[in-house]
Structure formats: C-alpha cells, structure tokens
Amino acid sequence: MVEGLVIALVAVLCAGALYVASAARVIRQYERGVVLRLGRLRDDVRLPGFTMVVPGIDRLRKVNMQIVTMPVPAQDGITRDNVTVRVDAVIYFKVVDPTNAVIAVEDYRFAVSQMAQTSLRSIIGKSDLDDLLSNREKLNQGLEVMIDSPAVSWGVQIDRVEIKDVSLPETMKRSMARQAEADRERRARVINADAELQASKKLAQAAGEMSAQPAALQLRLLQTVVAVAAEKNSTLVLPFPVELLRFLERAQQQPEVEGAGAGRTGRQPSVNGATAQPPSSSGNGSPLPEVEAPLPEKRTSEEPAAPPASTPPAAPSSSQRPFAHH
C-alpha cells in the first residue's frame, strides 16, 4: 500500500515537472510575447521574464522590439529627365505594437521590404537626376512618408530611410565628367581674368606713384637686382629702363632733323659775308662744274685780312701800263 502511494506520488511529481517544463517560457528583455489561446488572442501582452502558458492550448509568439536594419535591393528605374539609373537603399524600422505585428500582417518584415522597393521605384520616377545625386535628404523624407503610411496599421514604425548608392551608365558618367571639367575651366578663367584686372589696377597706381618720384624707379630696380641675386644664379639679369632708351633715341634723331632742314633751304654757305648762289648751266645746256668756295680761316681782330690765295692778281692792260722810259 505504501509502495503504491510512493509510486503514485513520484508519478505525479514527474507529470508536474513535465508540465512545468512544457509550459514555462522565458521572454528576453527586447522581446514581447503575444499569446493565442485556442486561436483567440489574449488581451495581455507578456512582458520580459518568466511566464507560463497552457501546453497544447496556448501558443506564444515572441516579437522582437529592436530596430531592424533591412537593405533594399537595387531598383532600376528611369528618372523624370529620362536617365536610366540603379538605386539601392537601406531602411530602419521597429515594431511598436506587437499585437498588430502578429495579427494584422502575415510577415511584417517581408511586407516592409516589398513596400520599400515599390516606394523606391516610385520616387525614382518622380525625381530628376540632379535630385538623386545632390538632394537626397528630401528624397529620404519622401520615402519615409511613403513607407510609413501603410506600416502604421501593421504596428511598425519607420525610423529612417537612406538612399545608399546611385549607379549611372558609363556614357552618362563621361558626359557629367566633361560638364564638370568645362565648368571648372570656366571658373578658373574667370578667376584668372579677375586677378589680372586687379593686378593691372594696382600696377597703374604704382606707375603713377613712381612717375611722381623718379627715385622710386631706381629703388625698385635695386630691389629687383637684390631679389635676383638672392637665388645665387651665375647669370644676372639687369633690367634696363625704357625711359633711357627713349632719351637716347631722341638725342640721335635731333642732328638728323637739323641736317635735313639745312638741305631743304637750297643755299650754299656764305663766304666773306656773301651768299654763294647755286651753279648755273651754260648756253648749250651742259651744267658747269661746281666749284666749292673755300671757307676763310678764322682770324683774329689784330691780323689783317689776307687776300684769297686762290685768285691771282689780274695783269694790267696796255692802256694801264706805266710809261716805259728808255
């Protein structure tokens, strides 16, 4: 009799231990438990910790409440300006209502993934290429609104959506590279022209200051020589002032102008105060040989003027000869 009771007690204890082992559940801190008893939803959501369910009657569904990072597969689309692109993204979401995440949708992860892909295709068709490349913040906000609207009824909250990469065709990449190069070259030329304009204005002001002070040009020349000599070169380049060249040119042209003016008068130099006339031609039309009159030597006031040696005295005529005495 006693042995039968002991055996029965042991059997009950074993059955109780088996029941507790099959009914015991542990819910982790980042999870929530949804219990379905005979197919009907229990109102209470099981919190983290140890909990019990009825084996064979209750079914416990654990829902992860952490933020889920889900990559969106790359989607091919045509932008509003007819450019074929390939865009992929990443979506961050979390479950805020575990009951709706279990009851309202079969698989909330798959549903969010499909909604993200369709929304990404839609946003590609509504945007230009420049918006996809430079205005991604606005597109991310649009994607978040488009995905979050149906996901609210699933007990899912979209935390953030980010466009990761935009793949362009090779021809479009080359065209954009040429466009960027041309734009940078244009900006470089504009900056260079602006610098030249400012430098010319400063040089004009410096030239005005140097013209007022001639010594400033010499000081500037000496500074240039010092700067060149500091490089320890074997050849020294010495700038030559342009003003000095102009002065020498004017000094050389002045005698030429005076000689040309004397030749245009058509007169010969005067001899003893008389102006020599140009040689005349003979009756037969042949020109007479030109005889250059010698210039008289300069004499002092004390010495009498000597007759020119080139003209011998004329012989007296027969009427002018003195009476000869025999």
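Is Glu185 buried, partly exposed or exposed? I looked this up first. Glu185 is partly exposed, with a relative accessible area of 39%. I note that the model is predicted.

**Entry: helix H6**

I stayed with Glu185 and searched for its partner. The side chain of Glu185 meets that of Arg189 in a salt bridge, at 2.9 Å from N to O. Both residues sit in helix H6, which covers residues 170-212. They are four residues apart, about one turn of the helix. Arg189 counts as exposed, at 59% relative accessibility. I also found a network of salt bridges that links Asp183, Arg186 and Arg187.

**Entry: other salt bridges**

How many salt bridges does the structure hold? I read ten. One of them joins Asp58 and Arg37, at 2.5 Å from N to O. Asp58 lies in strand E5 (residues 58-64) and Arg37 in strand E2, so this pair ties together parts that are 21 residues apart in sequence. I checked the cover of each partner. Asp58 is buried, at 8% relative accessible area. Arg37 is partly exposed, at 27%.

I then looked at Arg46, which forms a salt bridge with Asp44. Their closest N and O atoms are 3.6 Å apart. Arg46 is buried, with a relative accessible area of 12%. Asp44 is partly exposed, with 37%.

**Entry: the hairpin**

Which strand pairs with E2 over four bridges? I found E3 (residues 40-46), antiparallel to E2 (residues 31-37). Val34 stands opposite Val45 in E3. Two residues lie between the strands of this hairpin. There I noted Leu38, which takes a positive phi near 55°.

**Entry: Ser119**

I moved on to helix H3 (residues 108-126), where Ser119 has its place. Ser119 is buried, because its relative accessible area is 3% and buried means under 20%. What lies 2.8 Å from a polar atom of the Ser119 side chain? I found the backbone oxygen of Met115. I then left aside the neighbours within four places in sequence. Ser119 is in contact with Leu143, Met146 and Ile147.

**Entry: a nonpolar patch**

Tyr19, Val20, Val26, Phe50 and Met52 make a nonpolar patch of about 490 Å². Helix H1 (2-23) and strand E4 (49-52) each supply at least two residues of this patch. I picked out Val20, which lies in helix H1. Val20 is partly exposed, with a relative accessible area of 42%.

Methods
Residues numbered from 1 in each chain as written. Predicted model: local features only at pLDDT ≥ 70, side-chain atom pairs only at ≥ 80, totals over all residues. Heavy atoms only, no water. Pairing = 2+ DSSP bridges. Buried < 20%, exposed > 50% of the residue type's maximum accessible area, 1.4 Å probe, protein only. Polar contact = N/O pair within 3.5 Å; in protein donor to acceptor, adjacent residues only side chain to side chain. Contact = heavy atoms within 4.5 Å. Patch = residues over 30% accessible without salt bridge, like charges linked within 9 Å, V, L, I, M, F, W, Y side chains within 5 Å. Areas by Shrake-Rupley, 256 points an atom, 1.4 Å probe, with all protein chains shown as cover. Salt bridge = Lys/Arg side-chain N within 4 Å of Asp/Glu carboxyl O.
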